[in-house]
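Keep the viewer open as you read.

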Amino acid sequence: MESGKVLLIGYGNPGRLDDGLGPALAEAISHKKFKDVTVDANYQLTVEDAAEVAEHDVVIFADASVNSEEPFAFKPVIPKTVNTFSSHSIEPEIVLGFAYDLFQAETKGYTLAVRGYEFNEFGERLSSKAQDNLISAVEFLSKLLKTKNFDQFNH
Amino acid sequence: MSENMKRIVIEPVTRVEGHGKVSILLDEQNKVKQARLHIVEFRGFEKFIQGRPYWEVPVLVQRLCGICPVSHHLAAAKAMDRIVGGENLTPTAEKMRRLCHYGQVLQSHVLHFFHLCSPDLLFGFDADPAIRNIIGVINKFPELAVQGVMMRKYGQEIIKATAGKKIHGTGAIPGGVNKNLSIEERDSLLKDLDQMMEWGKGAVKVAKDYTMENFDMVAPFGTFDSNHMSLIREDGAMDLYDGKLRAIDPEGNKIFDHVDVQKYTDYLLEEVKDWSYMKFPFIKSIGPEKGWYRVGPLSRINTCDFIDTPEAEKERKEFMALTDGKPNQITLAYHWTRMIEALHAIEKINELLHDSDLQGTDLVVTGKRREETVAMLEAPRGTLIHHYRVNKDDQVEMANLIVSTTNNNTAMNASVTKVAEDHLSGVEITEGLLNHIEVAIRAYDPCLSCATHAMGQMPLIISLFDHEGKLIDKKTKE
């Protein structure tokens with residue numbers, strides 16, 4: 001089944017090496033100008049993202065991962081109700097939970113976790129392995145955003 | 001560590017920005033000797049920025065911290081104004097930057113108040129943790145939870161209209177800004193303003209009512225006498241974007257006043273301690289023992305003579321009347337003052353959006369080139385200091401940043417010590433003690449980490465050490 005409006009949020013700090021994978025992916029996808037796809041990038045997820053998420057049918061949270069499978073992992077997100085959070089640690093499940101709790105939105109969510117390797121110093125570059133993973137992730141997501149066949153991942 | 005002390009470590013602290021670690025040092029009688037808040041501060045930034053051209057700095061510094069990129073962006077731009085001799089900005093440039101800053105203050109303050117600390121205020125921090133949380137707020141006060149999100153979104157929209165993109169914002173450049181505010185952007189922001197004002201007043205009332213209704217508990221909680229410091233305008237008004245330095249003692253006497261920020265090293269020094277990466281600033285004339293100070297909303301309300309917007313000024317007067325005009329030292333009053341400032345920010349946004357200078361086209365000025373520069377602004381969490389030296393080839397040679405949380409470093413340690421003294425029983429980390437320490441730290445709204453946040457990180461670890469430093473208990477919260 002085809003989904004309607006899609007929001008892609010790529011997040012992370014481009015000044016902290018592979019932590020910039022999320023924004024790099026967002027930038028690459030934004031150039032492709034897919035129909036009904038809104039692309040956003042930020043240093044981290046924030047609570048007000050819930051309001052934006054609530055206005056879309058599907059949201060994809062793209063971030064670097066320290067331990068996902070290689071080159072990336074694409075998984076559905078189950079909305080989560082939490083007791084506590086900080087703006088550093090707010091996670092996709094929580095944003096989706098807020099979208100439901102605050103705005104009664106039933107947006108479907110997915111994470112695209114791109115495997116990174118180097119995080120612990122300042123620097124505006126991706127490691128070569130992260131760069132390869134980014135290329136694979138952009139290729140995968142581009143195909144998906146053309147078809148918008150997200151249901152294949154809901155199991 | 002001395003042999004007759006025990007150490008309890010709590011790490012990291014939840015519901016503050018980033019994460020930290022708390023050690024409580026006990027003596028042989030299991031009384032609190034000292035409590036220490038260890039902060040994982042950014043390191044390596046100076047190396048990162050060295051050799052980069054000065055005009056890149058306002059963009060680069062945003063990478064320091066995903067929590068307050070706008071404050072760093074504006075502080076660095078103010079510094080680089082002086083490098084290019086363009087510190088006397090055009091009215092359009094200065095007002096665009098101010099609008100951006102008030103948007104940042106608003107969104108930062110409301111996030112902290114509505115979503116990080118409101119569970120403590122609305123339910124009381126002795127309430128059952130199963131209720132005292134953000135979901136509890138959503139369930140019992142859904143309108144407040146939505147207000148928090150929508151006010152924060154409004155602040156972010158102002159930032160987007162003035163600074164550009166959320167990442168790599170380029171609104172402020174050396175000597176000015178790179179855009180004005182279009183009529184469409186202005187009108188879009190104006191349409192929600194009345195609602196923001198109403199919610200802003202409501203938020204002050206929530207914070208005020210909480211403080212007054214729980215005064216006997218709130219007043220001594222993590223509270224102590226301290227000096228306070230902030231920027232102030234020439235006429236003594238609160239000014240969050242620019243001004244000169246004023247410091248007052250616990251009685252309200254001025255320690256220094258109208259100090260040119262370029263001369264801050266004549267008045268402030270930083271002490272290094274072997275147990276913390278973060279430095280401990282103090283007022284030079286008083287010394288490290290008694291010269292430390294607080295910054296942020298509580299300090300700004302204490303140091304200023306007045307606020308130049310009517311609604312916030314009315315609230316400031318009511319707040320200061322509590323202590324007969326003397327400095328208010330109540331640590332939990334940070335929340336009340338934070339909401340007075342949020343209201344002030346909304347009033348200033350209103351003022352600016354009705355100012356046609358924002359549609360001006362004279363955006364940049366330059367003048368006589370300099371090689372060294374200091375800039376300060378009042379970031380949401382307190383005074384932020386950027387100090388740079390740039391060589392003749394336009395490359396940054398030296399950068400020294402004193403962030404707001406560093407300015408509050410000793411004060412936060414003092415609050416944690418006070419709470420530990422009052423609430424530690426035995427050598428066990430109880431849920432109650434953990435909550436109380438977190439509530440005290442959270443009052444300062446510290447930004448404890450400029451670290452990465454990639455998936456798979458951020459556990460909560462609680463460690464307990466005996467008097468020989470041996471780990472005897474460890475708890476982890478995911």
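## Chain A at a glance

Let's begin with contacts: in chain A, 75% of those between residues at least 6 apart in sequence join residues at least 24 apart. (A contact here means that two C-beta atoms, placed from the backbone, lie within 7 Å.) Chain A has 155 residues, and 54% of them count as buried. The burial scale works like this: 20 or more other C-beta atoms within 10 Å of a residue's own makes it buried, 12 or fewer makes it exposed, and anything in between is partly exposed, again with C-beta atoms placed from the backbone.

As for layout, chain A has four helices and five strands, running β-α-β-α-β-β-α-β-α along the sequence. Helices (H or I, at least four residues) and strands (E, at least two) are DSSP runs, numbered from the N terminus. The C-alpha trace of chain A spans about 40 × 35 × 25 Å along its principal axes. Its radius of gyration is 15 Å, which agrees with the value near 15 Å for a compact globule of 155 residues; the radius is taken over C-alpha atoms, and the globule rule is 2.2 Å times the number of residues to the power 0.38.

Residues are numbered from 1 along each chain as its sequence is written, and chains are lettered from A and ligands numbered from 1 in the order in which they are written.

The model scores ipTM 0.76 and pTM 0.87. Chain B has a mean pLDDT (the predictor's confidence in each residue, from 0 to 100) of 86, with 87% of its residues at 70 or more. Residues 1-5 of chain B have pLDDT below 50, and that stretch makes 10 contacts beyond near neighbours in sequence. Residues 7-18 of chain B are also below 50, with 64 such contacts in the model. Where pLDDT is low, the predicted coordinates should not be read in detail.

Chain B has 15 helices and 16 strands. Buried residues make up 53% of its 478 residues. Of the chain B contacts with a separation of 6 or more, 69% are between residues 24 or more positions apart.

The largest nonpolar core has 175 residues, and Leu8(A), Leu25(A), Val114(A) and Val416(B) have the most contacts inside it. Such a core is a set of buried Ala, Val, Leu, Ile, Met, Phe, Trp, Tyr and Cys residues joined through C-beta atoms within 7 Å. Helix H4 (residues 91-123) of chain B gives the most to this core, with 14 residues. Leaving aside residues up to four places away in sequence, Leu8(A) touches several residues, including Ala26(A), Ile29(A) and Val37(A).

## Strands and a helix in chain B

Strands E13 (382-390) and E14 (396-402) of chain B pair in the antiparallel sense over six bridges; DSSP must find at least two bridges for a pair to count. Tyr388(B) stands opposite Ala399(B) in E14(B). E13(B) and E14(B) form a hairpin with five residues between them, and Asp394(B) in the turn has a positive phi of about 70 degrees.

There's also an open sheet of four strands in chain B, in the order E8-E7-E6-E11, with mixed pairing. E8(B) and E11(B) stand at the edges with a single partner strand each, so one side of each is left without a neighbour in the sheet. Inside that sheet, E6(B) and E7(B) pair in the antiparallel sense over five bridges, with Ser230(B) opposite Arg246(B).

Helix H3 (residues 69-83) of chain B is mostly covered, with 15 of its 15 residues buried. Just after H3(B), Gly85(B) takes a positive phi of about 70 degrees.

Most residues other than glycine have a negative phi, and most peptide bonds are trans. A cis peptide bond joins Glu70(A) and Pro71(A), with omega about -5 degrees; Pro71(A) sits in the loop between strands E3 and E4 of chain A.

Lys148(A) has a positive phi near 55 degrees and is found in the segment after helix H4 of chain A. Lys148(A) is partly exposed, with 19 other C-beta atoms within 10 Å. Asp324(B) also has a positive phi, about 55 degrees, and lies in the loop between helices H11 and H12 of chain B. Asp324(B) counts as exposed, with 7 C-beta neighbours inside 10 Å.

Definitions and conventions
Predicted model: local features only at pLDDT ≥ 70, side-chain atom pairs only at ≥ 80, totals over all residues.
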